[in-house]
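Me: I've got a model open and want a quick tour. Can we go through it piece by piece?

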2 protein chains.
Amino acid sequence: MRSEQEMMDIFLDFALNDERIRLVTLEGSRTNRNIPPDNFQDYDISYFVTDVESFKENDQWLEIFGKRIMMQKPEDMELFPPELGNWFSYIILFEDGNKLDLTLIPIREAEDYFANNDGLVKVLLDKDSFINYKVTPNDRQYWIKRPTAREFDDCCNEFWMVSTYVVKGLARNEILFAIDHLNEIVRPNLLRMMAWHIASQKGYSFSMGKNYKFMKRYLSNKEWEELMSTYSVNGYQEMWKSLFTCYALFRKYSKAVSEGLAYKYPDYDEGITKYTEGIYCSVK
Amino acid sequence: MRSEQEMMDIFLDFALNDERIRLVTLEGSRTNRNIPPDNFQDYDISYFVTDVESFKENDQWLEIFGKRIMMQKPEDMELFPPELGNWFSYIILFEDGNKLDLTLIPIREAEDYFANNDGLVKVLLDKDSFINYKVTPNDRQYWIKRPTAREFDDCCNEFWMVSTYVVKGLARNEILFAIDHLNEIVRPNLLRMMAWHIASQKGYSFSMGKNYKFMKRYLSNKEWEELMSTYSVNGYQEMWKSLFTCYALFRKYSKAVSEGLAYKYPDYDEGITKYTEGIYCSVK
């Protein structure tokens, strides 16, 4: 597996030798000192270029970066609509395991890029001295934010209301409908509330990582096992058990947050728990 | 539990007696003859009104519809940005178990509504004879569509490329990251491919339902059990097993679709399976 130095040299040498490329930045976890470096980190590179279209004419120029296992061009797909406007990107997994997420950005959009990025940006090359201030990467945008009373209530409202869709799916023997609502809405709001609780104790000055992937660091083994048990959803009994565990966990953490921040604990819990138990008993 | 007739009478009587309400429609599953009726179906009602804001001044007027367990006003939340433009909606679960999803739409947007709806619409009341043609609800927009060669390749590309993120999460002991990528991208593309396979045999003239909830009807017990086994993801060994089962199922169905439609079977499988097995062996 080529080293970080080797990879960065390839990306920068290419940029230095191509007149169309005026500015190069590195983004994402490789700029984030709060993320332990490892070989799985993507190289999130942006080339700010005078003519994006000229690069798109063919893919030969990408060969220089290394032999590929596979590539995706997200803005060149029929099944998934492009989402990057005038930008164009390449996601490449190399045979040596390195991974590149290369984005081509029209140089005329550089100002907008620097005004609206997520903070995790490092300038690697600036041929025209476009950047006249110090750019220091930081992950502040991803820190857990202290919820307002309204945001707290909204999270409770969404958790309990969408739980009724899980109940509907289970009662109708439409388990895939139930699972998706648990995975996509109910549990994410549980994880949000857990993160609020943890941050209310540790301070709102850290990130829980994408998909709350660092959550385990902040839970006891018992709490972690309880959370993980909600991910066994391969049958109806498992799903009911998981739903009731989510209720218990959400109740515990939302009561703690409401006490900690002196926010009103809403009555959705009482009504929806009774509703759920009623239906569970009728279908058991 | 109040009957459908009782509920519809309440919604229509209210509309008849309120001058601001000019047009009423029913949407969703209650208009869809392909969905077996049951008590869990929402009442998806739209009131086309002269003045949305006047309804928003307070919620007293909603009391007439019945005693509530809970309500959500999706366009009046801080945590979740509104998504309906000038429209405003109320999701209400009543104490008797009925559920209403009521949307207020400015009457001036009625034309746009009828031009851009999903086909599942029935006109219940039209005080000003606004609609001068027959509106017949149909679920055609939800039928499985025959994939183009490019869409087929895109689905394969997305499945195999995002699988590497699941592998990354598992290898890093960041299981929540891995689970989310399996649940939100990898498995949905497996379900899409399975639906394409089923429709390539049965004809592209039916809907698999929200979240593929009718999938079970079209699978053998063995196939269904295999799919369901991928939903047991409450630990690292379970996740690896689920991922490899998804690989086997995707391979099986995508090969069948590629043969059935004479589309090229892409080589992503080979490369990513080898990559995955390599990392699995290194972390086992």
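Me: How far apart are the centres of domain 1 and domain 2 of chain A?

Reply: The centres of domain 1 and domain 2 of chain A are separated by 37 Å, taken over C-alpha atoms. Keep in mind that this is a predicted model.

Me: Where are the bounds of those domains in chain A?

Reply: Domain 1 of chain A covers 4-141. Domain 2 of chain A covers 143-283.

Me: And how many residues of each are in contact with the other domain?

Reply: Four residues of domain 1 of chain A are in contact with four residues of domain 2 of chain A.

Me: Sheet next. What's the strand order in chain A?

Reply: The order is E3-E4-E5-E2-E1-E6. The sheet is open, has six strands and shows mixed pairing.

Me: Which strands stand at the edges, and why does one side of each lack a neighbour?

Reply: Strand E3 (68-72) and strand E6 (121-126) of chain A are at the edges. Each has a single partner strand, so one side is left without a neighbour in the sheet.

Me: Pick E4 and E5 of chain A. Parallel or antiparallel?

Reply: Antiparallel, over six bridges. E4(A) spans residues 88-94 and E5(A) spans residues 99-106. One bridge pair joins Ile92(A) to Leu100(A) in E5(A).

Me: What lies across that sheet?

Reply: Helix H1 (residues 4-16) of chain A lies across E1, E2, E4, E5 and E6 of chain A. H1(A) runs at about 10 degrees to E2(A). From the other chain, helix H4 (residues 149-171) of chain B lies across E3, E4 and E5 of chain A. H4(B) runs at about 115 degrees to E3(A).

Me: Now E3 in chain B. How many of its residues are buried?

Reply: Four of the five residues of E3(B) are buried, and the strand is mostly covered. E3(B) pairs with E4(B) in the antiparallel sense over four bridges. Within that pairing, Arg68(B) stands opposite Phe94(B) in E4(B).

Me: Back to helix H4 of chain B. Is Leu170(B) buried or exposed, and why?

Reply: Leu170(B), a residue of H4(B), has a relative accessible area of 2%, so Leu170(B) is buried.

Me: What is Leu170(B) in contact with, neighbours within four places in sequence aside?

Reply: Ile175(B), Ala178(B), Tyr236(B), Met239(B) and Trp240(B). As for spacing, Leu170(B) and Gln237(B) are 67 residues apart in sequence, yet 9.4 Å apart C-alpha to C-alpha.

Me: What lies 2.8 Å from a polar atom of its side chain, I mean His181(A)?

Reply: The backbone oxygen of Phe177(A). Leaving aside neighbours within four places in sequence, His181(A) is also in contact with Val162(A), Tyr165(A), Val166(A), Val186(A) and, from chain B, Asn211(B).

Definitions and conventions:
Residues numbered from 1 in each chain as written. Chains lettered and ligands numbered in written order. Predicted model: local features only at pLDDT ≥ 70, side-chain atom pairs only at ≥ 80, totals over all residues. Heavy atoms only, no water. Polar contact = N/O pair within 3.5 Å; in protein donor to acceptor, adjacent residues only side chain to side chain. Contact = heavy atoms within 4.5 Å. Pairing = 2+ DSSP bridges. Helix = DSSP H or I, 4+ residues; strand = E, 2+ residues; numbered from the N terminus. Axes fitted to C-alpha atoms, helices over the stretch in contact; angles between N-to-C directions. Buried < 20%, exposed > 50% of the residue type's maximum accessible area, 1.4 Å probe, protein only. Domains from an automatic or database assignment.
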